[in-house]
Amino acid sequence: MSLVELFSSAGEVEAVAIDDRTLNGAPTMTDKAGRATQLVCSIDLLNLLVQRGVITRADFDEDLHELRRSCLYTVPLDAPALRSMLDKASLDRESNLQETAYLRTLREYLARLIAVDTLSTQDDLVFLDSLWNAGAVTIRGLWSSPDTPIPEAKARSDWVAEHVFPAIEVAIRHVVDRANRAPELAAARASFALFPASGSTERQEAQREWVNDTVLGSLLPANNAVLDRIAQVIEPSLIGNVESLANEPEDDALS
Amino acid sequence: MNLKTMLYREMLKLPPKHVSERLLRSEATLSAAGLLGNRFGARTLLLYSTLARTLATAPDETEVAILPEDEKPAAWHITRTPQGVRLRAEGSEETSVFHELNLLDLDPERRTSCFEQIAAQALPMLPSEAQWRARVLSGPLSPFQLHELIGHLRQVADERLRALAVGVNRKEQVGVKDFIPTGKLYYETLAGPIRPELNGSEYFEQVLCPRIRQVFAKDRAWGWRCAEAAFIGPSVDLHEVFREVPDEDLLPVLKLGEELGSSLAPVAVLTVALPRSQKSPAFLELARRAALQTVARAKKAPSDLGRASLFPAFSLLTLRCLSAEEETWSAPPYWRRLAGMMHAHVLMGMLSFEGVDIRAFGQWVSSAHTGVGEVADYLDAQQEPMHVPDLEHMRSPDFIALGLMLAVCEKSEQGESVLPESERAALKAHFNGLALVRLSSALPDALQGSPRLADQPSATQMEASLGDELVNYMIDGRGERAAWHSLFVFARHMAYTPSLTEKMREWTRGIPGRHPQDLSASLELLAFAARIASVQGDTGLAEAIADTAISISSDCRTAPLASAVWGVLALSAAAHQDRQAWSNWLEEKMTILAYTLARGEACAELARLIDLMHRLTSISERAWSRPRYVAMSAQS
């Protein structure tokens, strides 16, 4: 079917799949006769196949890896997939993560996407945010999971922070009022791991040190205003939390 | 302790250090934490506030019990005295007097006398002394203010250096933090307050020199120590600083330590002693010894340098720490460079280095600090290319000192009696092989911050000899490094003619051809050329350097080589004086470099360096993300 035929008689089919972010930006497609048809892309189809049990989740991840290797734009990344890729990578003698072929493809893919400067619209912010969220959830998972030894949690978190988190200046490169919003966004993002994810004191200490050196330390010396902002934001909530906690048990029980 | 306090203290332990430190600066946090807990130094605050409350009603010279906040019996007793507050524990006969607690007293006279005593003992100077004096006059200090003042007093150089020397001498293993204090207060007590609105020359004249006079009036030994440490050449005119000081006050403090401090210290003595030598034989003798010592230092073989070899390494290490520190990174480069040299000077005077393998230790100091501080050095080139400390070579300070000494003797009428013309000529002949020394003799100072000599007749003559010299070097292929170094040194004092500039562009393009087997040698020469471009503001030369560096970058496979190519580009970019043009040019060249550099280790290093550049740039002004991502995509 040619593109012209597709546009004239789209209503006759159940759904139209187009892998073009300009064309498939809308949820539906309407033909000349005014009939609307659902508009999907290859990834929607793959999701549908997983839902119907035709392919497994592993097959789905493998297919996304192929799409990234072919350098299709904005192939999504979720936290479980990222975690699964990281868990397959081992550490070398110096506790550095040894990249697997999957991780290497992911790193090169994300770096290339940003380097060619195509992520320039407001909609692209959604993709960049999803990358950031997947990274943050993964890091929290790594530190909360007692099955991941501390050196591994640290090395894997380092990799995510370096290669998955998009830089602030990239994320808001085309946003209006960039100069004012950058510190605000940086403060909001740097706050993600301020409080420990695990109940173990040893893991708490290690996570605190990692956040201090990698996430917050990278803002110094030039961006200490961002850290001031974080402290200002969490101070009232800390005091508020303490007050609500103090009101829970009997006052004389601990005093 | 109540439940909320306990909970809050536990909660404060949760956020990472950078955030919890900031929380603890806030009064709301300290109040919520109940002002308790050794961990945060809040016990002292509690003590001060309780003391202040008790002192407000206590009669003079009569012991009273401290009123605790709770209903418990008093544990301490105090007595107000003019010398300070006397403290005695309940059930004990022993007492201790804390004179600084008189700053909490309601009596203005007692406070003032206490403060003057504290200020006199703070050497060389109490930071923000005038502001503290005004606060003390306006009323008793609050507990927070007293806590802050005591924090300031701990950073006063005399106190800090003693603590540092004791720490270093006691420890078997030492780290950078043992030698280099953090925070700006310590350095401000040495070099004077940071004044971003002043340029280097204005600072030396308006802040540094009056301050040296002030310190000298307060304590002669410290006054001279500061003068010697701050001496970088004629930009800090010590003769003028001490003009009003009588001979009998000055003579006892002028000391010549054989190996203490920097190589410039004997020249500082010479500069002050020479003009007074006509009237006083003692000054003449001192000037002669200073000149001989300078010559002896410069004549030493590199292997015999001993502890003097540590001065450039300590200066650079301190400078890099200051450039990476939250409180000092934004200070003007000339201030950080001066503070680095001053600290290195006084530190070397304080430490004995007995039993230390100086050579191995020097190597450790030189390699101790890598990262953001080094990157800052390169970025400073754009902000202020003129005040670069000439420490490229371990011997540079010795040669600069010698050059300065010759210049001082030549200019002074008494110079002949200290170092006769024949000896000066013999010295020049002795060092004839070292272009650096010959050229250094005309230099204004070690920070190279004086205005250019372009309009002076000597400039043309210097350029003529420089051109011939270089051509000779280029023809026989020997000493090319010294030739570029000389060009760099001169570049700060004169604007090069178009013909010499054009020659330099040609020589730059030919560098890889002259050193086909040695990439690092080519890159070292290109770095000198880049410094010249930055000082001269020569964007054409910068372009030639960038093209040459990029043309050899595909062979750069290791991290050190990648770092060297990056350095060449970062320095060349400083030829663009306009900040926006600089940033755009650098982004463009870095992006090309990220594509041409060999894959793997070299690209990983480039990405790391750009990350470090980000740390020195405000988040809303960062412009080098694109090359960073290109490099990241090729780091394995």
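## Basis of the model

The model is predicted, with local features requiring pLDDT of at least 70, side-chain atom pairs counted only at pLDDT 80 or more, and totals for chains, interfaces and linings using all residues. Residues are numbered from 1 along each chain as its sequence is written, chains are lettered from A in the order in which they are written, and side-chain values use heavy atoms, leaving out hydrogens and water.

## The interface of chains B and A

In chain B, 48 residues are in contact with 56 residues of chain A, contact being heavy atoms within 4.5 Å. The two chains bury about 4400 Å² between them, 63% of it on carbon and sulfur atoms; buried area here is the accessible area (1.4 Å probe) lost on putting the two parts together, summed over both. On the side of chain B, the most area is lost to chain A by B:Leu3, B:Ile619 and B:Tyr629, which together account for 16% of what that side buries.

Between chain B and chain A there are 3 salt bridges, each defined by a side-chain nitrogen of Lys or Arg within 4 Å of a carboxyl oxygen of Asp or Glu. One of these salt bridges joins the side chains of B:Arg599 and A:Glu108 at 2.6 Å, N to O.

## A hairpin in chain B

Strands β3 (residues 84-89) and β4 (residues 95-98) of chain B run antiparallel and are joined by 4 bridges, where pairing requires at least two DSSP bridges and a strand is a DSSP run (E) of at least two residues, numbered from the N terminus. B:Val85 has B:Phe98 of β4(B) as its bridge partner. The hairpin has 5 residues between the strands, and B:Gly91 takes a positive phi near 85° in this hairpin.
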